[in-house]
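Dear colleague,

Please read them with the coordinates open beside you.

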Amino acid sequence: MRVLLIEDEPRMAAALRVALTKHDMVIDHVSTLCDAELVIGDGAYDALLLDRQLPDGDGLDLVPKIRRRGLTLPIIVITAKGEVPDRITGLETGADDYLAKPFVFDELLARLRAVMRRSETLRPALISIGRLSFDPTYCDVSVSGKRLDIPRREALVLECLVRRAGRMVPRPTLMEAVFGFDDEIQSNALDSHISRLRRKLAASEAGVVINVIRGVGYLLREAP
């Protein structure tokens with residue numbers, strides 16, 4: 001899951017980014033409406049966490065603009081403006097949920113997962129190829145029903161490849177799926193994740209292989 005966090009308070013933003021990253025999410029963070037409009041694009045995100053009181057305006061002003069683009073991504077408003085009229089305004093503007101600060105992180109996580117389940121873009125519960133199964137909801141990997149322990153980054157690489165099994169995935173697509181734009185990335189980071197992932201899949205006899213399309217990208221397919 002790739003989430004855009006629009007929050008101008010540095011400590012809150014840092015805490016949310018760290019906490020959500022631990023739950024297998026890629027988090028991009030901006031602090032203004034202007035920056036948010038620049039990065040949202042045409043559907044790069046699975047969900048949006050939106051503060052209202054931003055330096056350049058009310059975060060709610062962004063919601064109708066997103067909906068007019070035809071984007072149905074779930075939007076959760078997280079704000080100190082938590083009175084009933086504020087909540088009603090937020091929901092009627094087009095947000096999917098409204099959470100008043102301060103809040104417990106576990107509640108935010110539960111609400112985020114709930115709106116994703118309700119979303120029209122809900123992903124398949126389980127993706128299988130060969131003897132490998134991938135559960136995108138929890139980023140769980142199993143081989144022949146036995147859970148395979150894979151670190152977060154490698155699981156994100158695998159998710160991107162599994163979703164496009166049988167097709168070449170360009171390097172930029174993988175980089176975007178695995179790293180947020182605030183992450184410090186070494187030049188060989190992606191190659192290292194791919195290399196370790198290939199070894200684990202081979203050792204577990206997952207029945208899939210990852211082919212390197214040199215200089216272009218990678219392709220996951222069922223093993224012959």
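A crossing of two helices is called right-handed if the near helix is turned clockwise from the far one by less than a right angle, and left-handed if the near helix is turned anticlockwise. Please also keep in mind that this is a predicted model.

With that convention, helix 1 passes helix 5 in a right-handed crossing. Helix 1 covers residues 10-21 and helix 5 covers residues 105-118, and their axes lie 11 Å apart at an angle of about 60 degrees. On the side of helix 1 the contact involves Leu16, Ala19 and Leu20, which meet Phe105, Leu108, Leu109 and Leu112 of helix 5. Sorted by class, the residues of this contact are 7 nonpolar, with no polar and no charged ones.

A second pair is formed by helix 6 (residues 152-163) and helix 7 (residues 171-178), whose axes come within 9 Å and cross at roughly 130 degrees. That angle makes helix 6 oblique to helix 7, and the crossing of these two helices is right-handed. Helix 6 contributes Arg153, Leu156, Val157, Cys160 and Leu161 to the contact, while helix 7 contributes Thr173, Leu174, Ala177 and Val178. The contact of helix 6 with helix 7 contains 7 nonpolar residues together with 1 polar and 1 charged residue.

Helix 7 also packs against helix 8 (residues 189-203), the axes coming within 11 Å and crossing at roughly 85 degrees, which makes helix 7 roughly perpendicular to helix 8. Here Arg171, Leu174 and Met175 of helix 7 meet Leu190, Asp191 and Ile194 of helix 8, and by class this contact has 4 nonpolar, no polar and 2 charged residues.

Turning to the cysteines, the structure holds 0 disulfides. Cys160, which belongs to the contact of helix 6 with helix 7, is buried, with a relative accessible area of 4%, whereas Cys34 counts as partly exposed at 46% relative accessibility.

Asp86 is found in helix 4, residues 84-93, and counts as buried because its relative accessibility is 18%, the cut-off being under 20%. Leaving aside residues up to four places away in sequence, Asp86 touches Arg52, Lys81 and Tyr98. Arg163 has its place in helix 6 and, at 25% relative accessibility, counts as partly exposed. Arg163 and Pro136 are 27 residues apart in sequence, and their C-alpha atoms are 9.6 Å apart in space.

Finally, some backbone details. The peptide bond from Lys101 to Pro102 is cis, with omega near -5 degrees, and Pro102 lies in the loop between strand 7 (97-100) and helix 5. Ser144, although not a glycine, has a positive phi of about 55 degrees; Ser144 sits in the loop between strand 10 (140-143) and strand 11 (146-148) and is exposed, with a relative accessible area of 56%. Glu205, likewise not a glycine, has a positive phi of about 55 degrees; Glu205 lies in the loop between helix 8 and strand 13 (208-213) and is exposed at a relative accessible area of 57%.

Methods: Residues are numbered from 1 along each chain as its sequence is written. This is a predicted model: local features need pLDDT of at least 70, side-chain atom pairs count only at pLDDT 80 or more; totals for chains, interfaces and linings use all residues. Side-chain values use heavy atoms; hydrogens and water are left out. Axes are lines fitted to C-alpha atoms, for helices over the stretch in contact, and angles run from 0 to 180 degrees between N-to-C directions. Helices (H or I, at least four residues) and strands (E, at least two) are DSSP runs, numbered from the N terminus. Angles under 35 degrees count as roughly parallel, over 145 as roughly antiparallel, 65 to 115 as roughly perpendicular and the rest as oblique. Contact means heavy atoms within 4.5 Å. Ala, Val, Leu, Ile, Met, Phe, Trp, Tyr, Cys and Pro count as nonpolar, Asp, Glu, Lys and Arg as charged, and the others, Gly among them, as polar. A disulfide is a pair of cysteine sulfur atoms within 2.5 Å. Buried means under 20% relative accessible area, exposed over 50%, partly exposed in between (1.4 Å probe, protein chains only).
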